[in-house]
Amino acid sequence: MSPAQGGESGRQPQSGPSVTERVLGILSAFGPGAEALSLSGIARTAGLPLSTAHRLVGELAAWGALERGEDGRYRIGLRLWEVGALAPRSLGLRERAMPYLEDLYEATRQNVQLAVRDGHEVVYVERLAHPEAVRVFTRVGGRMPLHATGVGQVLLAFAPSAVQEDVLAGPLPALTPRTITDPHDLRRALAAVRREGVAVCDGMVDLLSLSVAAPVRGEDERVVASLSVVVPSAGAEPRAIVPAVRAAARGIARALGAPSAQRRPPGVVTPLHPASSA
């Protein structure tokens, strides 16, 4: 059948966004500071007619992707969280990393974070927070720019050169006056991370906090994640934290099957492991 006779190949291209694009627009309306939205708020943010938003939001709520509270506003539903938790980069990594994250948390009593790279951003896949530790602005599933965070600088330092050059080309927004915004300074910082195997970021996300981060390698020796501890900036001695962070990162890499992590590094007698509580 020819296009002139009709059929699949003869259909005219749709005008406007597809149903999938509209649904994704609805889900994208939610985020930090917008955890609960009214139907009109969803429609406005997603750029949809109210009638269309009403229909699609109802279908999403019936499936469990959204939940309607007693206040009439909608929130992300548990069904969507359950599906997202199955993402392979998060699932296997978190399961293998958790004993070492808990070990590091017990050793430092500070905020411990595990992150992966998605494009030009960091995505936090796990976080353990002590109630008396310095505040952090991250959350599980949250995103931050690569250049401004300890875990981000580690992931960027070991990312493909094309990714590095894209990030270095900017823009490099400042989260605080201490955030690296000059591409030449960032290039030097990344070189130092590759040379030293650790990133120390003081006051780049919040002036009151300092992070120490190390790379986590996978079975093919590529850096697949980054681990960090966030401590108060005032009076911090990052070099005293580095060995524990490195040991935890190495433990996760060993659990992931990285060949280099199977060999005990010189000078290490008892690295962190799931049974320890140092």
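Predicted model: local features only at pLDDT ≥ 70, side-chain atom pairs only at ≥ 80, totals over all residues.
Me: Good. Take α6 and α8. At what angle do their axes cross?
Reply: Roughly 80°. The axes of α6 (residues 150-157) and α8 (residues 183-196) come within 9 Å. The two helices are therefore roughly perpendicular to each other.

Me: Which residues meet there?
Reply: From α6, Q153, V154, L156 and A157. From α8, L186, A189, L190, V193 and R194. By class, the contact of α6 with α8 has seven nonpolar residues, one polar and one charged.

Me: What about α7 and α8, how do they pack?
Reply: Their axes are 10 Å apart, at an angle of about 145°. Helix α7 covers residues 161-168. Its side of the contact is Q164, E165, V167 and L168. Helix α8 brings P183, L186, R187, L190 and R194.

Me: And the classes in the contact of α7 with α8?
Reply: Five nonpolar, one polar and three charged residues.

Me: Moving past α8. Where does V198 lie?
Reply: In the loop between α8 and β6 (199-202).

Me: Is V198 buried or exposed?
Reply: Buried. The cut-off for buried is under 20% relative accessible area. V198 has 4% relative accessibility, so it counts as buried.

Me: What is V198 in contact with, leaving aside neighbours within four places in sequence?
Reply: V193, V212, A213, R239, V242 and R246.

Me: How far is V198 from G150?
Reply: They are 48 residues apart in sequence. In space the C-alpha to C-alpha distance is 8.6 Å.

Me: V242 came up. Which residues of α9 are buried?
Reply: V242 is one of them.

Me: Why does the length of α9 agree with what a helix should span?
Reply: Helix α9 runs over residues 238-256, which is 19 residues. At 1.5 Å a residue, they should span 27 Å. The end C-alpha atoms are 26 Å apart, so the two agree.

Me: What happens just after α9?
Reply: G257 takes a positive phi of about 95°.

Me: And just after α2, which residue has a positive phi?
Reply: G47, at about 70°.

Me: Stay with α2. What is buried in it?
Reply: L39, G41, I42 and A43, within a helix of residues 39-46. The buried residues of α2 pack against α1, α3 and β2 (74-76).

Me: How do α1 and α3 cross?
Reply: At roughly 80°, with axes that come within 11 Å. That makes α1 roughly perpendicular to α3. V19, R22, V23, I26 and L27 of α1 make the contact with T52, L56, V57 and L60 of α3. Seven of these residues are nonpolar, one is polar and one is charged.

Me: Zooming out. How many helices and strands in the chain?
Reply: Nine helices and eight strands.

Me: What share of the chain is buried?
Reply: Buried residues make up 42% of the 278 residues.

Me: How much accessible surface does the chain have?
Reply: About 15,000 Å². Carbon and sulfur atoms account for 54% of that surface.

Me: Last one. What share of contacts joins residues at least 24 apart?
Reply: 56%, among contacts between residues at least 6 apart in sequence.

Technical notes. Residues numbered from 1 in each chain as written. Heavy atoms only, no water. Axes fitted to C-alpha atoms, helices over the stretch in contact; angles between N-to-C directions. Helix = DSSP H or I, 4+ residues; strand = E, 2+ residues; numbered from the N terminus. Parallel < 35°, antiparallel > 145°, perpendicular 65-115°, else oblique. Contact = heavy atoms within 4.5 Å. Nonpolar A, V, L, I, M, F, W, Y, C, P; charged D, E, K, R; others polar. Expected span 1.5 Å × (residues − 1). Buried < 20%, exposed > 50% of the residue type's maximum accessible area, 1.4 Å probe, protein only. Areas by Shrake-Rupley, 256 points an atom, 1.4 Å probe, with all protein chains shown as cover.
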